[in-house]
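Visitor: Can you walk me through this model? I'd like to start with the ligand and then go on to the domains and helices.

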Amino acid sequence: MGARLPIGVLSAAAIPYSKGADVRIIDQRTDDDWVDWIEQYIDDKTVCVGITCMTGSQIKYALEVSKYVKDTYPHIPIIWGGVHATLMSEQTLVNPYIDMIIRKEGDHTFYEVYDALKNKKSLDGIRGLWYKREGQIFKNPDRPFIKDLDELPELPYSLLEMEKYTTVNFEHGGKSVDFVSSRGCPSNCSFCYNQFFNDCRWRSFSAIETVRRLKNVVKTYNIKSVFFQDDNFCVNIPRLKDICKGIIREKLNIKWGTLGLRVDTAKMMDKEVLDLMEKSGCMNVDIGVESGSQTILNMIDKNIKAKDVLGVNEKLSKYPFIIKYTFIVGFPGETDDDIKKSIKLANDLVKGNKNAYTLFLIYTPYPGTPLFEKAVDLGFVPPDKLEEWSKFNYDNWATEFPSWHSKSHIRKLVSISFTSFFANKNVMYKLNNKWVRFLFRIYLPIAQFRFKHNFHFMPLDSMIGRRLID
Ligand code: B12
């Protein structure tokens, strides 16, 4: 299994690259010898170093690079972009190894900053940029979103060794790629970064341009599987139909999946679009249900009805798509009764669709989300420094940071999350290693018993299992 394609970095690189800048990408996940690459790439013409990261362990690695570059080449400006730097800009910029932050969409901003640094122009008017000068922080206004994504240049895939990015494996052994055809989401779920990062605005490539770009990457790299990583790939049903028609018309011959389908959109989908999805190669769809309790769904502004999920499941069960329904447990204010409702709904979904499986994740209070404030009010003590955020991960925050959960409740949440994954054989398509498949088969009945009956007494299996996975 390779790494996921770094589409954020590729997007930031696209405009400078298209205008002739000498751009190089180093990926710490695939390049163990990243220090050697830095040494090879950096010379006296180097204008800046850009680094991406999300909240969590990526910060640790982003800081390692920043420190290395700052210590070795103190004159080179270090620019952070991506989700965490946008959500926690001031706290990030205070760090001595970081000189500038590019907030939200980085495509145009990064080029303008590069151009200003290269040609010794002022940084003052560059929208979307926060920067430090002599210890003082300057905050330029945010940049409006790009209206027409079609205007953006192609992603410069040639800057990467593409064979290292095989992640989805619908066609065993075939090459795969992640693809983003739109940005943002019109919904305002209170646990999601979308309100802050995208102002709930959905922007997309047109269907024609999506298919043209897809064809380009599929043909160039002999791609067999595509995973659409859009926040909300399916929201515009006519556009989705046109994309499916384009995939069929252009004979791309791919299998595809997406994480971007909401229950309310699925409810509106007619036979035509579902047939087109099947015919164009759709293999898997992830749907965020989050909870089986209407009280919780209302509290998180999910804007769906728990009762609609079963209807959607029934409709989708007529198609061969593997449906991953994701749930979140551990929300502020969630009761045992709410959890039972989620487990019941999950069991009903799997019963009603032989191609469905469910995955329960533990709620994580990410900064910049409305629910974060509620979590803090309830006793969650967030990290107060960039370095501390690097220790904050969705799988360990509840055990590492003070919060409203008791220790025994955390053990139960961990067990629910762990057993939800192992309780259904439909996830086997994700496991490539034969030994992992073997262990999975042995553990399956235990996980099924625990999960189905909400029996999480002495959850040694999940505690040991998580240590093995770490
Ligand atoms: C693919 C993906 C991943 C991939 C990794 C992708 C990669 N970078 O290689 C994997 C599977 C590894 C992953 C893991 C996780 N992810 Co993730 N992921 C995504 C996803 C679905 C798509 C990312 C993407 O390609 N976007 C498209 C590009 C165009 O947007 P972008 O990345 O934001 O980039 C733009 C700007 O941010 C900026 N930019 C970005 N980088 C840089 C760098 C520079 C130098 C500059 C100038 C600009 C810049 O410019 C870009 C173009 O405008 C996003 C949701 C989304 N649709 O964005 C979630 C998302 C980023 N992930 C999220 C989360 C929560 C996680 C996990 C914690 C989830 C989990 N349960 O495991 C882990 C954490 C990993 C970690 N901390 O180590 C959250 C982020 C929350 C946060 N506060 O950071 C998001 C927003 C999903 C969500 N709605 O909650 N993820």
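Guide: What follows covers the ligand shell, the domains and some helix pairs.

Guide: The model is predicted, so to speak of local features pLDDT of at least 70 is needed, side-chain atom pairs count only at pLDDT 80 or more, and totals for chains, interfaces and linings use all residues. Residue numbers start from 1 along each chain as its sequence is written.

Visitor: Which residues come nearest to the ligand?

Guide: Gly8, Gly50, Gly56, Gly81 and Gly106 come nearest, out of 34 residues around the ligand. A residue counts as near when its C-beta atom, placed from the backbone, lies within 6 Å of the molecule.

Visitor: Which helices and strands supply at least two residues of that shell?

Guide: They are α1 (7-18), β1 (49-52), β2 (78-81), α4 (83-87) and α6 (107-118). α1 gives the most, with 5 residues. Helices (H or I, at least four residues) and strands (E, at least two) are DSSP runs, numbered from the N terminus.

Visitor: How do the shell residues divide by class?

Guide: The shell around the ligand has 16 nonpolar, 13 polar and 5 charged residues. Nonpolar covers Ala, Val, Leu, Ile, Met, Phe, Trp, Tyr, Cys and Pro, charged covers Asp, Glu, Lys and Arg, and the others, Gly among them, are polar.

Visitor: OK, domains. What does the assignment give?

Guide: It gives domain 1 (7-139) and domain 2 (152-469), with bounds that come from an automatic or database domain assignment. The ligand shell draws at least three residues from each of the two.

Visitor: How many residues of each domain are in contact?

Guide: 28 residues of domain 1 are in contact with 24 residues of domain 2, contact being C-beta atoms, placed from the backbone, within 7 Å. On the side of domain 1 that touches domain 2, α1, α3 (58-72), α4 and α5 (89-93) each supply at least two residues.

Visitor: Is the crossing of α1 and α6 left-handed or right-handed?

Guide: Right-handed. A crossing is right-handed if the near helix is turned clockwise from the far one by less than a right angle, and left-handed if anticlockwise. Ser11, Ala12, Ala14, Ile15 and Pro16 of α1 meet Asp107, His108, Phe110, Tyr111 and Tyr114 of α6. By class, this contact has 7 nonpolar, 2 polar and 1 charged residues.

Visitor: What about α9 and α11?

Guide: Helix α9 (residues 237-249) packs on helix α11 (residues 271-279) at about 35 degrees, with axes 9 Å apart. Their crossing is left-handed. The α9 residues in the contact include Leu240 and Cys244, and those of α11 include Val273 and Leu276. By class, the contact has 7 nonpolar, no polar and 4 charged residues.

Definitions and conventions: Contact = placed C-beta atoms within 7 Å. Axes fitted to C-alpha atoms, helices over the stretch in contact; angles between N-to-C directions.
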